[in-house]
Amino acid sequence: YTELAKTLTPRMLAKVSSTITSGVAVGKPTEAIARDLVRDGLSKGTFDTRLARARVVANFEVARISVDGSLSAYASENVVTVVVIGRPTTCPICGPHVGQEYNIVDRANLPPYLPHCVHGVAAASRRNAAGKVVRI
């Protein structure tokens with residue numbers, strides 16, 4: 001999605017962001033968000049197959065928002081590290097990350113957000129009341 005976003009005008013990028021955010025806020029499924037993106041003009045110029053591209057954008061962003069929400073919730077509970085869960089054979093991109101731990105503060109080094117992949121993250125360690133990091 002990042003590469004596709006680079007080709008959008010600032011106005012269209014703001015419209016895409018607004019459409020996705022409002023769709024997620026009301027619990028719309030990604031297919032409905034994709035249709036809204038097409039309605040809002042995402043198909044013009046850059047995107048040759050309107051609904052297919054809109055689905056990619058909607059699925060990617062909903063997956064990213066979901067993981068970001070989980071990480072924020074973990075952070076509020078003093079979780080320090082997360083472990084990637086799922087089957088190593090599920091996806092050639094995410095598979096090598098399964099079982100690996102990542103510091104939630106360093107989100108840039110977390111595995112990528114892939115909309116059709118079934119991997120996720122689970123809390124691995126947290127900071128206790130005394131400030132010591134303990135395994136969960």
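Mentor: Some terms to begin. Exposed means over 50% relative accessible area, buried means under 20%, and partly exposed lies in between (1.4 Å probe, protein chains only). Helices (H or I, at least four residues) and strands (E, at least two) are DSSP runs, numbered from the N terminus. This is a predicted model: local features need pLDDT of at least 70, side-chain atom pairs count only at pLDDT 80 or more, and totals for chains, interfaces and linings use all residues. Residues are numbered from 1 along each chain as its sequence is written, and side-chain values use heavy atoms, leaving out hydrogens and water.

Trainee: Why is threonine 81 called buried?

Mentor: Its relative accessible area is 13%. Buried means under 20%, so threonine 81 qualifies.

Trainee: What makes the link between threonine 81 and serine 125 a polar contact?

Mentor: Their side chains are joined at 2.6 Å. A polar contact is a pair of N or O atoms within 3.5 Å; within protein, one must be able to donate a hydrogen and the other to accept it, and residues adjacent in sequence count only if both atoms are side-chain atoms. The side chains of threonine 81 and glutamate 101 also make one, at 3.1 Å.

Trainee: Which residues of H2 are buried, and which are exposed?

Mentor: Met12, Val16, Thr19, Ile20 and Gly23 are buried. Seen down the axis of H2, the buried residues fall within an arc of 90°, so they line one face. That arc is taken from the directions from the helix axis to the C-beta atoms. On the other side, Pro10, Arg11 and Ala25 are exposed.
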